[in-house]
Protein chains: 2
Amino acid sequence: MSGAIAAPTQQLAALADDTRWAILELLGSRARSASELAAELPVSRQAIAKHLAVLEAAGLVESTREGRSVRHRAIGANLSALADRLDAIGRQWESRLERVARMAEERAGAERERG
Amino acid sequence: MSGAIAAPTQQLAALADDTRWAILELLGSRARSASELAAELPVSRQAIAKHLAVLEAAGLVESTREGRSVRHRAIGANLSALADRLDAIGRQWESRLERVARMAEERAGAERERG
DNA sequence: TTGACCTGCAACCGATCGATTGCAGGAGGA
DNA sequence: TCCTCCTGCAATCGATCGGTTGCAGGTCAA
């Protein structure tokens, strides 16, 4: 164990933007094209396209060509997988710091008995 | 239900940086001061201090003054809470898109029967 | 074939970010 | 008291980011 945490910073960076969350919220309810998204959000279509590229690179959005348009949809399973990893790390911190606190407590108890 | 997702972008932005993950990794195993962290990582103490401010604002790190130094520790429970929220959103996407797919499937089935 | 519509590429701009250096200030030990 | 150690604030710099405008290309319908 120990060693590097191997954090999925790319996915986290993709999620650290309000406009991308607005896009994901829309794509989570129904698959849409970039133009549809641009019509529903207060940014240009090109900005949407850049955000979709980031989200797709992070594995949070999936795209399918349909005729002359491209439909995008959110991939919930990958978000849940990321959540699992974060939860595991959080629990690890908790257990480690708990153990340290317990050791300090025991040491303090011995000091009290001795002193 | 429906409505806005209310994503904790501040916490996600705090986690979207490799140096901050390196800091969290160290603080997850044992509480440390900013100077200790600077000695173990390849960045200056001031950079560490800025990162700690970001992490503390996001509720991922807790700080306690001890004499002339300040000891910082990672808060695992808050990371797990964030993970729970992400997981819930991911499952929501999955169920919604599943329902849409099922409706499309039923519609296609009816078409086949009729045609 | 022509025209409408949607995507994709490139250049550009202002703002924010990660990081550095330099200096001031406060707490403890000799 | 003096010196050392650690923190905190400010200014600065290059890089990246979110967003825009403009234009080229491809696909469908009339």
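Trainee: Which residue of chain B comes closest to the rotation axis?
Mentor: B:Ala83, with its C-alpha at 2.2 Å from the axis. Keep in mind that this is a predicted model.

Trainee: What rotation puts chain B on chain A?
Mentor: One of 180 degrees, with 0.0 Å of shift along the axis. The RMSD is 0.0 Å. The two copies are thus related as by a two-fold rotation axis. Both copies use the same surface, since 95% of the contact residues of chain B recur in chain A.

Trainee: OK, fold next. How many helices and strands does chain A have?
Mentor: Five helices and three strands. Their order from the N terminus is α-α-β-α-α-β-β-α.

Trainee: And how much of chain A is buried?
Mentor: 37% of its 115 residues. As for contacts with a separation of 6 or more, 52% join residues 24 or more positions apart.

Trainee: Let's look at α2 of chain A. What does the helix span?
Mentor: α2(A) covers residues 18–29, twelve in number. From first C-alpha to last, the helix reaches 17 Å, close to the expected 16 Å.

Trainee: What happens at the start of α2(A)?
Mentor: A:Asp17 places a side-chain oxygen within 2.9 Å of the backbone nitrogen of A:Thr19.

Trainee: Which residues of that helix are buried?
Mentor: A:Arg20, A:Trp21, A:Ile23, A:Leu24, A:Leu26, A:Leu27 and A:Gly28.

Trainee: Why would spacing matter in a helix?
Mentor: An α-helix has 3.6 residues a turn, so residues three or four places apart point the same way.

Trainee: Which side chains have a polar atom by a base oxygen of DNA strand D?
Mentor: A:Gln46 has a polar side-chain atom 3.2 Å from one. For B:Arg45 the distance to a base oxygen is 2.7 Å. At the backbone of the DNA, a phosphate oxygen is 3.3 Å from a polar backbone atom of B:Ala34.

Methods:
Residues are numbered from 1 along each chain as its sequence is written. Chains are lettered from A and ligands numbered from 1 in the order in which they are written. This is a predicted model: local features need pLDDT of at least 70, side-chain atom pairs count only at pLDDT 80 or more; totals for chains, interfaces and linings use all residues. Side-chain values use heavy atoms; hydrogens and water are left out. Helices (H or I, at least four residues) and strands (E, at least two) are DSSP runs, numbered from the N terminus. The expected span of a helix is 1.5 Å times one less than its number of residues. Buried means under 20% relative accessible area, exposed over 50%, partly exposed in between (1.4 Å probe, protein chains only). A polar contact is a pair of N or O atoms within 3.5 Å; within protein, one must be able to donate a hydrogen and the other to accept it, and residues adjacent in sequence count only if both atoms are side-chain atoms. Copies are superposed by least squares on the C-alpha atoms of residues with pLDDT of at least 70 in both. Contact means heavy atoms within 4.5 Å.
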